Amino acid sequence: MSRIGIDVGGTFIKGGIVDENGNILFSTKIPTFNDDKQMSVIDNLYILIINLIKKNNKISTQKVTFIGIGIPGIVDRKKGIAEFSGNLSWYNVPILELLKQKGISIPMQMCNDSRAACIGEMMFGAGKEYKNSVVMTIGTGIGAGIVINGKLFEGNGDKGGEIGHSLLVMDGELCTCGRRGCLEAYASAKALIKYTKEQMQLDDQSLMWKYVNDDINKVDGTVAFECAKQKDASAILVINKYVKCLGEGLLNICNCFRPESIIIGGGISEQGKYFFEQLNYYIRENNYGYKCTPPVIVIPAKLGNKAGTIGAAFMDKFLKET
């Protein structure tokens, strides 16, 4: 049997044909918007699905049996409604019903995009060996999926798991959600870039300036890491601050859920051993109960930007109600 997984983003809608072993047989993408109308997203989503079905008929004798869609924002999974997605300007849009009206008759489900990525990592990636994990995707924001005893924790109305909007600093930095002090405001890639620029402005001799050819607008999430690896003092300050902010957020997760693992995806995970050794050290040193509680390991995600597509394709299996 073949499955289709869709990952809807603010710039592109990515989709793939996935076999029963989690292998992507074919992948493609299409711009999210044709214009500024929210319905253009539905049109492009439909076009992508039809193209994937046609492609599947050419490359496989197996029919597409399921279509899963990962949507950013707040989703009513059971009704197939995108209740709020700021990047897409969606408010209470009945995604699945609109696709059915266009002629898609294959069984479909949808869920939050971070949870789709979580499903991918738990079934085929870094989380395969664990029954209790938190999968975090760190980018412009922070998304997460929480798995307890092998099942995705969704909370009341499927609205739980918003770890990025847990409080880190009371009355702190303004978050995109409108509140102040959220973890996302301190530990997202956007926050890391902010810390980097601030430290560069305090130290005009920092190697970070050379790294961006004296153009502060070229700063991204890699600058401080790459320069810290070369022992630049200011870059090390940036990384220490970022590790502490993210580490405190992870300690909150440890204390609330005590998972076996916390799996981190997004561009930050590409920093590898240098980053994860520091983060794990911080967790060990500041863990509540210290040696009296089971250790929580922090590890990088394995599926990269494929996690959302693969996880979406299998959400019917992972979210099957028992």
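Student: Where does the charged end of Arg 3 sit?
Tutor: The charged end of Arg 3 sits over the ring of Phe 314, 4.7 Å from its centre. "Over a ring" means that NZ of Lys or CZ of Arg is within 6 Å of the ring centre and within 35 degrees of the ring normal. This is a predicted model, where local features need pLDDT of at least 70, side-chain atom pairs count only at pLDDT 80 or more, and totals for chains, interfaces and linings use all residues. Residues are numbered from 1 along each chain as its sequence is written, and side-chain values use heavy atoms, with hydrogens and water left out.

Student: And which ring face does Lys 55 lie over?
Tutor: That of Phe 26, with 4.9 Å to the ring centre.

Student: How many aromatic pairs does the structure hold?
Tutor: There are 6 aromatic pairs. Rings of Phe, Tyr and Trp (its six-membered ring) pair if their centres lie within 6.5 Å; planes under 30 degrees apart count as stacked, over 60 as edge-to-face and the rest as tilted. Phe 84 and Tyr 91 are tilted because their planes are at 50°, with the ring centres 5.3 Å apart.

Student: What about Tyr 242 and Phe 275?
Tutor: Tyr 242 and Phe 275 form a tilted pair too, 6.3 Å centre to centre and with 35° between the planes. Tyr 242 lies in helix α8 (residues 233-257) and Phe 275 in helix α9 (residues 272-286), so this pair ties together parts that are 33 residues apart in sequence. Helices (H or I, at least four residues) and strands (E, at least two) are DSSP runs, numbered from the N terminus. Both Tyr 242 and Phe 275 are buried. Ring pairs also link Tyr 242 and Phe 275 into a cluster with Phe 225, Tyr 274 and Phe 276.

Student: At what angle do α8 and α9 pack?
Tutor: At about 55°, with their axes 9 Å apart. Axes are lines fitted to C-alpha atoms, for helices over the stretch in contact, and angles run from 0 to 180 degrees between N-to-C directions. That makes α8 oblique to α9; angles under 35 degrees count as roughly parallel, over 145 as roughly antiparallel, 65 to 115 as roughly perpendicular and the rest as oblique.

Student: Which residues make the contact?
Tutor: Among them are Ile 239, Tyr 242 and Leu 246 of α8 and Phe 275, Leu 279 and Tyr 282 of α9. Contact means heavy atoms within 4.5 Å.

Student: OK, and how do α5 and α8 cross?
Tutor: Helix α5 (residues 189-202) and α8 cross at roughly 150°, and their axes come within 9 Å. That makes α5 roughly antiparallel to α8. In α5, the residues that meet α8 include Leu 192 and Tyr 195, and Tyr 242 is one of those on the α8 side.

Student: New topic: where is Asn 44?
Tutor: Asn 44 is in helix α1 (residues 39-59). Asn 44 is buried, with a relative accessible area of 3%. Leaving aside neighbours within four places in sequence, Asn 44 is in contact with Ile 13, Ile 30, Pro 31, Thr 32, Phe 33 and Asn 34. The C-alpha atoms of Asn 44 and Pro 31 are separated by 7.4 Å, and these residues are 13 apart along the chain.

Technical notes
Buried means under 20% relative accessible area, exposed over 50%, partly exposed in between (1.4 Å probe, protein chains only).
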